[in-house]
Amino acid sequence: MKRYYILTAFLLFFVVVSTGMAQDSKVTVPLRFDHYYPYEQVVAALKALNKAYPSLTHLNLVGHSEENRQIWAITINNPKTGKESDKPGVYVDGNIHGNEIQASEVCLYFVNYLLTNYGKNDKITKLVDKNAYYVIPTVNVDGRYHFFHDANTPSTNRGLRRPKDDDHDGLVNEDFPDDLDGDGNICIMRKRDPNGKYKTDPEDARLMIRVKPGEKGEWTILGQEGIDNDGDGRINEDAEGYVDPNRNWGYNWAPPYVQSGAGDYPFSGLGIKAIAKFILDRPNIIMVWAFHNNGGMILRGPSTKAEGKLNTSDISVYDYLGKNGEKIVPGYRYLISWKDLYSTYGDFTDFTDNIVGAYSLVGELFRTADETYSKPGKTSGGDDEIFGGSSNERSRERLKFNDHLAMGELYKPWTPFHHPVYGDIEIGGWVKMSSRLPHPFMLEDLVHRNASAVIFSAEQTPEIKMEVTGKKKTGKNLYQIRIRLTNSKAMPSMTYHSVKKKAYPMDMLKVLGTQVKVVAGGKLVNEYTGQTNYKKYKPEVQFVQVPGFGKTDYQFLVEGKGTVTILFESRKAGKKTVTFKL
Amino acid sequence: MRILTLGVPKVVSGVFLFLIVSLYLHAQPGGYYTPAETVRIINDLAKKNPDVTRVVTLATTPGKNPVILLEIGKETGRQTRTLPALLVVGNPEGDVPIATSAALYLAGSVLKDPARYEHLTWYIIPALNPDAEAFFTGTPKYRDQRNAQPHNDDMDDLTDEDGCNDLDGNGIITMMRVKDPEGQWIAIKDDPRIMRKANPSKGEKGVYKLYTEGIDDDGDGKYNEDGPGGTNVGINFPHLFKPFTASGGRWPGSAPESFALLKFAAGHPEIAMSMVYGSSDFCLVPPKKGRKGSVDMNKIKVPENMAGMIGADPDKTYSMKELIKMVQPMAPPGFEIDESVIASFLGLGAVVNPLDEDLKFYKELSEQYKKYLKDKGMEAERLDPAAAKDGSVELWAYYHLGLPSFSMDFWTLPKPKKEKKESGGLTIDQLEKMSKEDFLALDEEKIAAFLKENGAPAQFKAANVINMIKSGQVSPKQMASMMKQMPKKEKEEGEADPKTKALIAFSDSNLNGNGYLPWKPFKHPTLGEVEIGGAVPYADNTPPPGMVDSLLKIQVPWIFTLADKLPSLSLLDTKVTPKGGGVYALELWVENKGYLPYPTAMGKRDKHPGPVVVTIDGNNLTFLEGRKRTPVQTVAGLKAVKLSWLIQSEKPGTLNISLTSPSAGSDRKQIKIGG
């Protein structure tokens, strides 16, 4: 099992092998999820949703990308149930890697689902009323644009459009792959070669298998479709970027020599910097989801071993969300980023976890294992996902899936081509819209299940109740007041990590009143014996954290008379007040 | 203008200000400047030299001060740059006023002599942290390295609510000492002005508590725990940045000042060297080695879960080269596996010690600088410059930009004269310069005392050391460098902190006692009877204005010597050998006329400065071997690299050969082939 994830890790790490285009449908609400939305349609969809639900939503122009495309966020908040900043914030984004496009559809589906079910479905109505939602469906807007409009493999166009001399030859982005046959895909080139290391798979002539020692070869694989644009003797060695937008964030950032794709400095990406500001301007955010593809994983931090383990109490919150997520999205595994995948520095969720103080999960959407052509329970290869479909059994099944379920849309049959350098070759293989993306007929299932995992976590944002559990006169003009803060959901009012690292001031419980003086106040440790940890200075302001699925009690000794207001103020769990007379 | 006379700043009228500025423009540095004065001086310099200067506002600080950069050079304002540039960053931590004075002095000196910018562009940022710098000339005088970004230091219900207060009204924030049953401090016997921690194991009991001068403004029981200010810009850079510190900022580049510099540097690949004026001095003391955590690139362990994958043995260690070989076949075609891919996949992390090849030039240049200072008559011993801080500009410039990164601190307190020691005052520095014979001429007892004074381990007996030197096992110089690596000996019991001692000595001798104030009784609203006094802020890092001129005059020009050492690449020689049939073997040497390598070893690791590229143009050429464009990744200092091609040319003709580099110059050559 472990090995599989490592392989997936490798897969995600390297750039791999394929095009198809979304239909040019007009965007109307409710949105449809039987196709992929090009960048322009993502923006159109957000505008349509906002237009259809003007009282529940607003749009924010977050910033602009390297190629000056607009990055949009949609906010869902019901002003009738309070201000955004007084509610827990749930942030969802996707498509930070330009090629990982179905992530945007998950975001759009999530927004569409909340809005179209508001007032119809009780659970959704409650959830919309409870939280504020911030959704940026497409982070890497240039990447999405170019993925749809240019020829690509399923894995190209991942990075930011920042010029970068990948091969350190003094030129930038000078040798992209080339769509030699003009079909909109970057596929694989192969050449007939009796000394080649591959021969035709006897079971499916479209596949190649490695020759055994002593066997005669048939094919040499020449790599991705392309020519040597810059005449340096290498083909396709310096394409767009490469600055990885998910390595460019300010927490635990490491320079490019430690990790390629980091960018010259944290937040060198224009859109990335703008999104960071958007998030930091909304300190109420306590839950973050970032959608990627692929492999079928729900990942939590930390992203490097050196960061040490997360706080145990935070882990139990993550476990609650992650393990339920595994059930909501069958086949997906809840894993730890550095341990089960690989180390990353400067990634997005490490930033939101540490700097924003939000529970942060990554959803790696889609498993090729779901491309089946077999009796139930008898899938070939199972979890053995290897890039380029190099496990032959799996590849054969995927090709049958392509033939009988995708009607041939996912694989380009080998086609002769005359290459300027290699001479007579063949071009073929998995196309752009394959391998990392569900076929549109499977899209609705994927987006619904993953949006449901988000909805599950949105239910678990802190829900605080404050009550006066005791009020008695203990002396002349002296009252003992007991306050109980109860949280009926899994997430505490602030993460344990934020408390420990003093990431921001703790939540506060304040005693207010013009005719009162707080003589003493503190956390009530034992409600039966009355043992209280009194705070020595300024007892009228207590620093508190309300645990998930739990409660915390405070006791005050108040001298005076008249009206007393107890105010609970939390950055992420809203405000509560209770007022009474002495 | 305020001229510093330690204690009370004097305000000078506008007319006088004009006079001073005019004087300054004739390269007469005078003391210290407020942020506004610094901007004015730079703008005036630029106005007087419009053809070769440009002033750019890089950022606006949270305190609304502009961070400005003065560009001087013949290519000022141009889009394409061919000349290498030198980046000078003044006072990143904001609490070293002489650093800004030095940057202004430098700007004046460069502009005075066009030869200084004939082959070099200068980017001078006189004050990277003007918000903090303003505290020096502000009232009360107070030392803080943070910019004006509001920050809730104690994470309570209020922000910036409890700063220091000038209780005694002397215009200076010093310390308060209060007798307290829980006090940990005592006054030392020799000089009761000096405080040190009591040592309970020696039966001492603390008497005082120490506070900075002020009251508990917000009534939380703590004093001055949340003064105004947020980020120390000077430690807000990405190398070894630590999150969640009191003043380091939330992430590297989180302050507008530091972000602007990160961005500027990335946009200016012509920067060939950097110089930070602050509190470390890489000119004098090469960057420190010995930090733990650096992975030895020749002994890399592969974690078990990855080992199987790439066919490695988790119990063995591998070199980077071996790992690249092992992983390359697994990568998809066209995906080149290099050090950074391996390092990130295995999570090897950052380089944390200066690379040996680079230390070589740092050490050699430091020796030359010491000699230079001696020749200029600056021989007096002073306290060591501070070590470069994690997250500092100078570390970032070396580790991330791969530059030869230098720094200067200009002044520290003079070392107080030592009492006679048994070793006869033998120092490590002296040892370093001794010949074998000189050393062996010393008396064994003297050597024993010297070893003891310098904290050599007990097993390091004088007799053994003498034998080692005698046998040639080690030279006195090697011995000295070993001793430098040893942890500093703990100060003797009952003695004052050497820095405080130095401050008091300097204050008494040069500042009329105004560098360390006597403790004076004060009635404090909550602490009761206290005494206010102690170290005056800046007295230990800021010489009196009268000294500034001579300090800068000697030290600042060293940068010109360093600039002369920059790598400078050219096409040295070519050789064409006709092979017959219109085929020619072409050999070409790329020479680095500079002392410094292109790039530094760290730069090579970083791949930061782009490669040198040699391009061959001509009519109807066929490259049988080699390419039209040839990137050259490194050329060592004062060395040449040979490149060769096999070219076919039907007819005799001319080859136009060009060399380009981002920061080490360019060259062209024409040669004939055939005919």
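This is a predicted model: local features need pLDDT of at least 70, side-chain atom pairs count only at pLDDT 80 or more; totals for chains, interfaces and linings use all residues.
Residues are numbered from 1 along each chain as its sequence is written, and chains are lettered from A and ligands numbered from 1 in the order in which they are written.

**Chain B as a whole.** With the burial rule in hand, I looked up chain B and found that buried residues make up 40% of its 675 residues. Its C-alpha trace spans about 100 × 70 × 55 Å along the principal axes. I listed 19 helices and 24 strands in chain B, as DSSP runs numbered from the N terminus (helices H or I, at least four residues; strands E, at least two).

**The contact between chains A and B.** I counted two residues as in contact if their C-beta atoms, placed from the backbone, lie within 7 Å. On that basis 53 residues of chain A meet 47 residues of chain B. On the chain A side, helix H1 (2-13), strand S8 (219-224) and helix H9 (348-356) each give two or more residues, and H1(A) gives the most, with five residues. I sorted this side by class, with Ala, Val, Leu, Ile, Met, Phe, Trp, Tyr, Cys and Pro as nonpolar, Asp, Glu, Lys and Arg as charged, and the others, Gly among them, as polar; the side of chain A that touches chain B has 26 nonpolar, 14 polar and 13 charged residues.

**Nonpolar cores.** I took a core to be a set of buried Ala, Val, Leu, Ile, Met, Phe, Trp, Tyr and Cys residues joined through C-beta atoms within 7 Å. The largest has 124 residues, and those with the most contacts inside it include A:Val106, A:Phe110 and A:Val111. Helix H3 (residues 102-117) of chain A gives the most to this core, with ten residues. Leaving aside neighbours within four places in sequence, I found A:Val111 in contact with A:Leu49, A:Ile74, A:Ile76 and A:Val135. Another core, of 122 residues, lies apart from it, and B:Leu69 and B:Tyr105 are among its members.

Technical notes
A residue is buried if 20 or more other C-beta atoms lie within 10 Å of its own, exposed if 12 or fewer, and partly exposed in between; C-beta atoms are placed from the backbone.
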